[in-house]
Amino acid sequence: MPRPVTSKHILLYAASEADADVLYATGFFAPDPFVFVRTASGKRIFVMSDLEIDRARASSNAHEVRSMSHYSTLARKRLRRAPAPGDVIAEVLRDLRIRRVDVPSGFSCGVADRLRSHGITVRAADGSLFPERLYKRKDEVAHIVSAMRATEAGMQRAVDMLERARVHKGWLVLNGKKLTAEDVRREANLEIFARGCMPAHTIVAPGKHGCDPHDVGSGPIRAGDPIIIDIFPRAEKTGYFADITRTVVKGAPRPGVREMYDAVLAAQRGALRMIRHGALSSDIHGAILELFEKRGFKTGMIDGRMQGYFHGTGHGLGLEIHEPPRIAMNDTRLKAGMVVTVEPGLYYAGIGGMRIEDTVLVTRTGIRNLTRFPKFLEV
């Protein structure tokens, strides 16, 4: 497993609640931008506002926490004007005797330009500043598993609600009213929130809504239509994500639905068998496409829209819901320690969508499936 690069000075400036690299590097949640420096020797230095400095000293992984207001005062005296963030960071680097820093590719151009005006060499990374994020430590896997359990509880609440509904004149009805995607989403989200995770954009996509993989779904649910339920919340305490998708039907499945389900389930099972240390992403994705083709499920432009199987097989998951690696038609080789989703799907305008997704840990000999929720079509 690659080890962290320690031969360069690394600079980050962002809010860790929104920036996964900062959260990974610091282990500290903050809603506002702060300065993080990792020196070439590996020392971690935070520069915090007066509001956050004591909390950072008490609960972060910093070797040293310094005062942002101190450096702001120095910059104001030097410039004889109100300093910009780049001016303040330049004072920090001057104090640390650092003249060259590596920053993430998404680092603020305005801050970088201001640093350069102070004689600081700023180099944006070609790839990740933290390539070790690809490989999850035991504690990271445990955080993901914890989030998965909360997510599965939400999935169960959604399924329970569908089970309680009855079919009346072609629609699902619960408590005398047509059951909607919004009702089911709310039920799942409340359970997940109660278990310490933050759901966002939970997908409950019945019928035609399921034809667009990222349509969250809305409106009354027809009996017999496939209902994609895709839940991907973030743990409030740790920041790690979970991700699971199931597709279910209430009432007799419409023509073609069961065949789609059987194909997607077979495709996922095949992919899960193929995943292991050294497996090539394109082999896994290609095998799914081949299985779908053999079963008569074509992919391409049909009636003016993409239909069939037109997204990747999976993605990395951790402090971001979508992070490397990607399982698709690429030359990426999976490695032990990666956590990835496995989510083949089929989408046809006349039937609806079908997707099944598990989250797994890649091992030397195969996988450890972090998902426990069962797979079934009819509820």
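**View 1. Asp-95 and Arg-66 form a salt bridge, with 3.0 Å between their closest N and O atoms.** A salt bridge here is a side-chain nitrogen of Lys or Arg within 4 Å of a carboxyl oxygen of Asp or Glu. The pair links distant parts of the chain, 29 residues apart: Asp-95 belongs to helix α4 (residues 85–95) and Arg-66 to strand β4 (residues 64–67). Helices (H or I, at least four residues) and strands (E, at least two) are DSSP runs, numbered from the N terminus. Asp-95 is partly exposed, at 43% relative accessibility, whereas Arg-66 is buried, at 18%. Buried means under 20% relative accessible area, exposed over 50%, and partly exposed in between (1.4 Å probe, protein chains only). The model is predicted: local features need pLDDT of at least 70, side-chain atom pairs count only at pLDDT 80 or more, and totals for chains, interfaces and linings use all residues. Residues are numbered from 1 along each chain as its sequence is written, and side-chain values use heavy atoms, with hydrogens and water left out.

**View 2. A salt bridge joins the side chains of Arg-137 and Asp-139.** The N to O distance is 2.9 Å. Arg-137 is partly exposed, with a relative accessible area of 39%. Asp-139 is also partly exposed, at 33% relative accessibility.

View 3. Glu-152 is buried, with 8% relative accessibility, while Arg-149 is partly exposed, with a relative accessible area of 23%.

**View 4. Asp-21, Arg-133, Lys-136, Glu-320 and Glu-323 belong to one salt-bridge network.** The network is joined by salt bridges that share partners. For the model, the count of salt bridges comes to 31.

**View 5. Strands β17 (residues 314–316) and β18 (residues 323–327) pair in the antiparallel sense.** The pairing runs over three bridges; two strands count as paired if DSSP finds at least two bridges between them. Gly-316 stands opposite Glu-323, a residue of β18. The two strands form a hairpin, and six residues lie between β17 and β18. Glu-323 is also one of the residues in the salt-bridge network.
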